[in-house]
Amino acid sequence: MYYLDRIFHQMDRLLETTFGKSSHWFETHWVPPLDLYESKDKLILLLELPAVEKKEIEVTLQEDILTITGIRRSLLPQGEHICHRMEIQQGRFLRKIKLSRPVKGDKISARLKNGILKIEIPKEN
């Protein structure tokens, strides 16, 4: 899923550059990178979300699919200004991760600190 989202985003940027406006073909505007690892008793996911507010993030688990959605609002000042370069991705994001083992879905914890969302999910015994 990550690679397809990234390809779609790059295609959208290419179309925007070529035709002068965004095609908005793809709902996901950016794909935050993540690390997923496991300890003895839990799965741990780290998601890079600088400049995203906690209230803009939603984490859900349905069966074995963990979904993280949210939005990064524009960091540009309001009003008229001339933009010389825009590289910071903004807008909606979506990550779906198929978990490799049974987990205790009702025991998920998530914490956003210094632009990193840390999600811990206890494993089933």
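The dialogue that follows goes from the whole chain to single residues.

Modeller: A note on conventions comes before the features. This is a predicted model, in which local features need pLDDT of at least 70 and side-chain atom pairs count only at pLDDT 80 or more, while totals for chains, interfaces and linings use all residues. Residues are numbered from 1 along each chain as its sequence is written, and side-chain values use heavy atoms, with hydrogens and water left out.

Biologist: How many helices and strands does the chain have, and in what order do the elements run?

Modeller: Helices (H or I, at least four residues) and strands (E, at least two) are DSSP runs, numbered from the N terminus. Here the chain has 1 helix and 7 strands, and the order from the N terminus is α-β-β-β-β-β-β-β.

Biologist: What share of the residues is buried?

Modeller: Buried means under 20% relative accessible area, exposed over 50%, and partly exposed in between (1.4 Å probe, protein chains only). Of the 125 residues in the chain, 28% are buried. Accessible areas come from the Shrake-Rupley method with a 1.4 Å probe, and for residues only the protein chains shown count as cover. The chain has an accessible surface of about 9,200 Å², 51% of it belonging to carbon and sulfur atoms.

Biologist: Which strands pair with S7?

Modeller: Two strands pair if DSSP finds at least two bridges between them. Strand S2 (residues 42–48) runs antiparallel to S7 and is joined to it by 7 bridges; lysine 42 stands opposite proline 122 in S7. Strand S6 (residues 109–113) is also antiparallel to S7, with 5 bridges, and serine 109 faces glutamate 120 there. Strand S7 itself (residues 116–122) has a covered face of Leu117, Ile119 and Ile121, whereas Ile116, Lys118, Glu120 and Pro122 form the uncovered one.

Biologist: Which non-glycine residues with a positive phi deserve a look?

Modeller: Glutamate 63 is one of them, with a phi of about 55°, and lies in the loop between strand S3 (57–62) and S4. Its relative accessible area is 80%, so glutamate 63 is exposed. Asparagine 114 also has a positive phi of about 55°; this residue belongs to the hairpin of S6 and S7, which has 2 residues between the strands. Asparagine 114 is exposed, at 74% relative accessible area.

Biologist: What is the nearest side chain of opposite charge to arginine 72, and how far away is it?

Modeller: Lys and Arg count as positive and Asp and Glu as negative, while His and the chain ends are not counted. A salt bridge is a side-chain nitrogen of Lys or Arg within 4 Å of a carboxyl oxygen of Asp or Glu. Arginine 72, in strand S4 (residues 65–72), is buried yet has no salt bridge, and glutamate 48, the nearest side chain of opposite charge, is 7.5 Å away. The side chain of arginine 72 instead reaches the backbone oxygen of glutamine 89 at 2.7 Å.

Key:
A polar contact is a pair of N or O atoms within 3.5 Å; within protein, one must be able to donate a hydrogen and the other to accept it, and residues adjacent in sequence count only if both atoms are side-chain atoms.
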